[in-house]
Amino acid sequence: MFIVKIAEFNIKVDNKYSYVEKLCKDYIVNTDSYDIFVNVTDEEIQNEKSLDSESSFSDAYCESVCIYRKICLELVKYDAFLFHSAVIEVDGAGYAFSAKSGTGKSTHIGLWKKYFGEKVKIINGDKPILKFIDNDIYVYGTPWAGKENWQRNVKAPLKTICFIERGTENSIRKMTSEEAVIKVANQVLMPKEKGEALKMLDMLDKLLKKVSLWNLKCNISKEAAELSYTTLTGDDISEN
Amino acid sequence: MKIKEGFVVREVAGKIVAVATGEASIGFNGMITLNPTGKFLWEKLENDISKEELINAVMEEYNVEYDLAKKDIEAFVLKLKSEGILCE
């Protein structure tokens, strides 16, 4: 058992395997008080395992997936939710790149890191939490950060969501919030309980009206990174 | 015909969306968007309604002829059925 602090909530985890505790090491706090409690049953672990066709994931790994899913569903009650995306921070503002798995979100933020150096800091490479504080939206690092484990235990105001598509040429355009609804909804965990589902839809509505929304078509190149970086941050990049 | 219990409909950033909760979420996993006509039909279908009653409602609301209303309704109902949204 251990307590982690994620998105400024203390979450007590009753784990069967040590894997999840090791995964959470940057977030563990030394306290007795907690806001949320989660555990998973053996049945839930086996259900998770059966979803993977190759059954190559261990019980310990499956437990960690189930635990995070439960945490994320519980957080909906507290004005926070999981947003599957790769998020970076530049000058104190958060930029979230969203796309189906495998499209190249991590690759793209890797390019920002490579070409724009110290200005760019990773917040989370895969599964950050978004949270409303009053009417502002913040993005938080979490222990669940994808295979590269790019995460920092930090928070930043979320400025932009940029959807990525692969393309041969690089182009970027603004999106309307209407266009973005389905794309964003596909990257959250929708609760199955009616009140919580309505809460989630409410948060999606507020999110889409708050942040700026962009669509990027790009290849893997310095030009792609320069296009998205200058457009989204508004920074001028001088030629070296 | 009737939409399964458990769907919630809400406007999100200018689009009308429906998601399945509770029992309905076992048969349908995802989100549907509805244009204004779709929303009109959906709301009628939340209470048990026959195809003929639905056609009459559309003819009255949109001032269209029977055949056009019937065609559009049949297409819409077929889509809902194929997604597991209507009660069998």
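Visitor: Which strands does helix 3 of chain A lie across?
Guide: Helix 3 (residues 59–75) of chain A lies across strand 2 and strand 3 of chain A, contact meaning heavy atoms within 4.5 Å. The helix runs at about 150° to strand 3 of chain A; axes are lines fitted to C-alpha atoms, for helices over the stretch in contact, and angles run from 0 to 180 degrees between N-to-C directions. Helices (H or I, at least four residues) and strands (E, at least two) are DSSP runs, numbered from the N terminus.

Visitor: Before I go on, what are the ground rules here?
Guide: This is a predicted model, where local features need pLDDT of at least 70, side-chain atom pairs count only at pLDDT 80 or more, and totals for chains, interfaces and linings use all residues. Residues are numbered from 1 along each chain as its sequence is written, chains are lettered from A and ligands numbered from 1 in the order in which they are written, and side-chain values use heavy atoms, with hydrogens and water left out.

Visitor: OK, what order do the strands take in the open sheet of three?
Guide: The order is 1-2-3 in chain A, with mixed pairing; two strands pair if DSSP finds at least two bridges between them. Strand 1 (2–6) and strand 3 (36–39) of chain A stand at the edges with a single partner strand each, so one side of each has no neighbour in the sheet. On average, neighbouring strands of this sheet are turned by 30° against each other, direction ignored.

Visitor: And do strands 2 and 3 of chain A pair parallel or antiparallel?
Guide: Parallel, over four bridges, with strand 2 of chain A spanning residues 9–14. Asp14(A) has Asn39(A), in strand 3 of chain A, as its bridge partner.

Visitor: Switching topic: how many disulfides are there?
Guide: Zero, over all chains, a disulfide being a pair of cysteine sulfur atoms within 2.5 Å. For Cys62(A), the nearest cysteine sulfur is that of Cys66(A), 6.7 Å away.

Visitor: Is Cys62(A) buried or exposed?
Guide: Cys62(A) is buried, at 2% relative accessibility. Buried means under 20% relative accessible area, exposed over 50%, partly exposed in between (1.4 Å probe, protein chains only).

Visitor: Last one: which residues of helix 7 of chain A are buried?
Guide: Ala224(A), Ala225(A), Ser228(A), Tyr229(A), Leu232(A) and Thr233(A). They sit on the same side of helix 7 of chain A because they cover an arc of only 120° around the axis, taken from the directions from the helix axis to the C-beta atoms. Just after that helix, Gly234(A) takes a positive phi of about 80°.
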